[in-house]
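This note is written for a colleague who is meeting the structure for the first time.

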Amino acid sequence: MPWAPGPALAVSRKPGVRRRRRRLGVTVAVVVAALIGGVVAYLELTGSPDWYATGKSVELASEQQDDGFLVGPVSTLPTACTVKLNAAESGQRPAKTDKAAVKLWLQGCEAAYHLKHPNQVIEDGIMWRNGTKPCTGSCPSHWSAAGKSTALAANEEPLINLAAGTSGSVAADWCADLMSNRFIQPLPVSVESRLHAHSPVAGPATYSWDQGCAAGYSILQANGGPAQPGAPVTVTGAFGAAPDMKIPAKTPPSSLYVRTLYQGTGATVTSSEGMIGNYVSYDWSDATHKPLGSSFGQGAPGLFVGPLLPGLDKALLGQKVGSRVVVVMPPADGFGSAGNSQEGVGANDSLVFVVDIDSSFATASVPGKQTSDGGGALPTVTTSAAGSANGPTITIPGGVTPPATLQVKPLIRGTGPVVKQGQDIAVQYTGVIWRTGQVFSSSWQSKTPLTTPIGEGQVIKGWDTALVGQTVGSRVLLVVPPADGYGSAGQSQVGINGTDTLVFVVDILGAA
């Protein structure tokens, strides 16, 4: 768990991932459908045979399917279809003087070729919708360069960059999204203006633009991911995976550095929320650095609740769930001039953190209404008034002897994951002495949730036994006899005798 001067800070789940769309203008069925629409209009005006269909029929005929030109480059296709046109029987081809009909015949031939070779794209423009011109000569390289330029600009924006390691096909789909400007998040003005200035209309150049854009993205990732101008450290890698860190062999900066490397789309982290996320941390002193801790790859993310190190508070509050945040904090925002010998942090050492914010949760109390208030032979739990931060009230039943064994009564059943042994949990709680009815400890009263390992002997036995197996989001009433509490020694400093039974109401806010 990342260090905090007191109990630990927490956050909420990232929902969204940007939608992916198919590449623009490359789907053959769409192109063919557009051409067929034009053919129908032509036939209605002229009354001529459907030369588009005839050309396609000849191309698809079994005796024509083994022609050698089909394995050649698509640039040879118009010539090859012309050869077929000349070789076709008179009833299968239009008169050479009917230029419009000949064009339709050739389009049908090329459409059939596309049906058999769906992964090839015709760059000469014949198969594209009316009004587009062939993309010949230096045109493909021009649009490839334009796409790459726009991709590099877009990837520098944290709202829209892709995670490292994205496949080429996904990158190309993303580039198509970029060209159509259909992102869930709006494009920054600088990128949008470049997009409109450089993107081609849907047509032969589209494929080259997409290729260039995807290449630009690949170049970006090969060079370390989204641009990090002026960064004191370099961080690469995908959200959710252990980052690669490059910390230079020089003195760390004297002021706090925060960069949101990947911008999430989830809820915004506030001071009234806790956060669950993975992290890696380093100690940076003069020209040397050393790792301090990492949750990546351990299946146990960190739990951030309550007052954190000042630098983490400043860096993480206001971020969105799903974000990767890089923090370099000088001593004043870390452990100060005293350092932290237990963690191996020397006096005046700086700290480096990379934090992936996975989820968040409210810290005032668990959501939902109580389905039980205890009562009967058990204490009665009354919820606090709306807007109050004092937590529920526990009333001990008069004239009732406390039970001799541990009692566990869920008052609100949470819908979150099951709490497991060895996890860190964040809770709000109130503890009362049965004998006196007096509160001896309360995180609600101290205004700070408690974080602690559970099931490992770090808390009283009654908590370890009762809370493991509960679900996050639950409120639980515990009646703890001395043997499961502080034993015969008691806790005299808070008024607990060795024979006292204790009563707790515990809200399980989060677990990691």
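1. A nonpolar core is here a set of buried Ala, Val, Leu, Ile, Met, Phe, Trp, Tyr and Cys residues that are joined through side-chain atoms within 4.5 Å. Please bear in mind throughout that the model is a predicted one. In its largest nonpolar core there are 21 residues, and those with the most contacts inside this core are W463, L467, L478, F504 and V506. At least two residues of this core come from each of β12 (424-433), α11 (461-467), β15 (475-480) and β16 (502-511). The most is given by β16, with five residues. In general terms, nonpolar side chains tend to be buried together in soluble globular proteins.

2. Which residues does V506 contact, leaving aside neighbours within four places in sequence? They are V427, Q428, Y429, W463, L467, S474, R475, V476 and L478.

3. The chain as a whole may be summarised as follows. Its secondary structure comprises 11 helices and 16 strands. Of its 512 residues, 49% are buried. The chain exposes about 22,800 Å², and carbon and sulfur atoms supply 53% of that area.

4. V505 deserves a separate paragraph. This residue is found in strand β16. Is V505 buried or exposed? With a relative accessibility of 0%, V505 counts as buried, because the cut-off for that class is under 20%. The C-alpha atom of V505 is separated by 5.5 Å from that of Y429, although the two residues are 76 apart along the chain. If residues up to four places away in sequence are not counted, V505 touches V381, P392, I394, Q428, Y429, T430, W444, R475, V476 and L477.

5. The count of disulfides is two. One is formed by C81 and C109, with 2.1 Å between their sulfur atoms. The torsion about the S-S bond of C81 and C109 is about -80 degrees, and the disulfide is therefore left-handed. The link joins distant parts of the chain, since C81 lies in helix α3 (residues 77-87) and C109 in helix α4 (residues 99-116), 28 residues apart. C81 is buried at a relative accessible area of 0%, and C109 is buried at 0%.

6. C175 and C213 also form a disulfide, their sulfur atoms being 2.1 Å apart. This link is left-handed, with -85 degrees about the S-S bond. C175 belongs to helix α6 (residues 168-180) and C213 to helix α8 (residues 204-222), so the pair ties together parts 38 residues apart in sequence. C175 and C213 are both buried.

7. Five aromatic pairs are present in the structure. The ring centres of Y279 and F353 are 6.4 Å apart and the planes stand at 35 degrees, which means that the pair is tilted.

8. Y429 and W463 pair edge-to-face, at 5.5 Å centre to centre and with 80 degrees between the planes. Here strand β12, which holds Y429, is linked to helix α11, which holds W463; the two residues are 34 apart. Both are buried. Ring pairs also join Y429, F440, W463 and F504 into a cluster.

9. How many salt bridges are there? The count comes to five. In one of them, the closest N and O atoms of D333 and K314 are 2.7 Å apart. D333 lies in the loop between β7 (324-329) and β8, and K314 in helix α9 (residues 310-316). D333 counts as buried at 8% relative accessibility, whereas K314 is exposed at 53%.

10. Two further salt bridges may be noted. R435 and D500 have their closest N and O atoms 2.8 Å apart; R435 is partly exposed, at 48%, while D500 is buried, at 5%. R475 and D507 form a salt bridge at 2.6 Å between the closest N and O atoms. R475 is in strand β15 and D507 in strand β16, 32 residues apart, and both residues are buried.

Technical notes. Residues are numbered from 1 along each chain as its sequence is written. This is a predicted model: local features need pLDDT of at least 70, side-chain atom pairs count only at pLDDT 80 or more; totals for chains, interfaces and linings use all residues. Side-chain values use heavy atoms; hydrogens and water are left out. Buried means under 20% relative accessible area, exposed over 50%, partly exposed in between (1.4 Å probe, protein chains only). Helices (H or I, at least four residues) and strands (E, at least two) are DSSP runs, numbered from the N terminus. Contact means heavy atoms within 4.5 Å. A disulfide is a pair of cysteine sulfur atoms within 2.5 Å. Accessible areas come from the Shrake-Rupley method with a 1.4 Å probe; for residues, only the protein chains shown count as cover. Rings of Phe, Tyr and Trp (its six-membered ring) pair if their centres lie within 6.5 Å; planes under 30 degrees apart count as stacked, over 60 as edge-to-face and the rest as tilted. A salt bridge is a side-chain nitrogen of Lys or Arg within 4 Å of a carboxyl oxygen of Asp or Glu.
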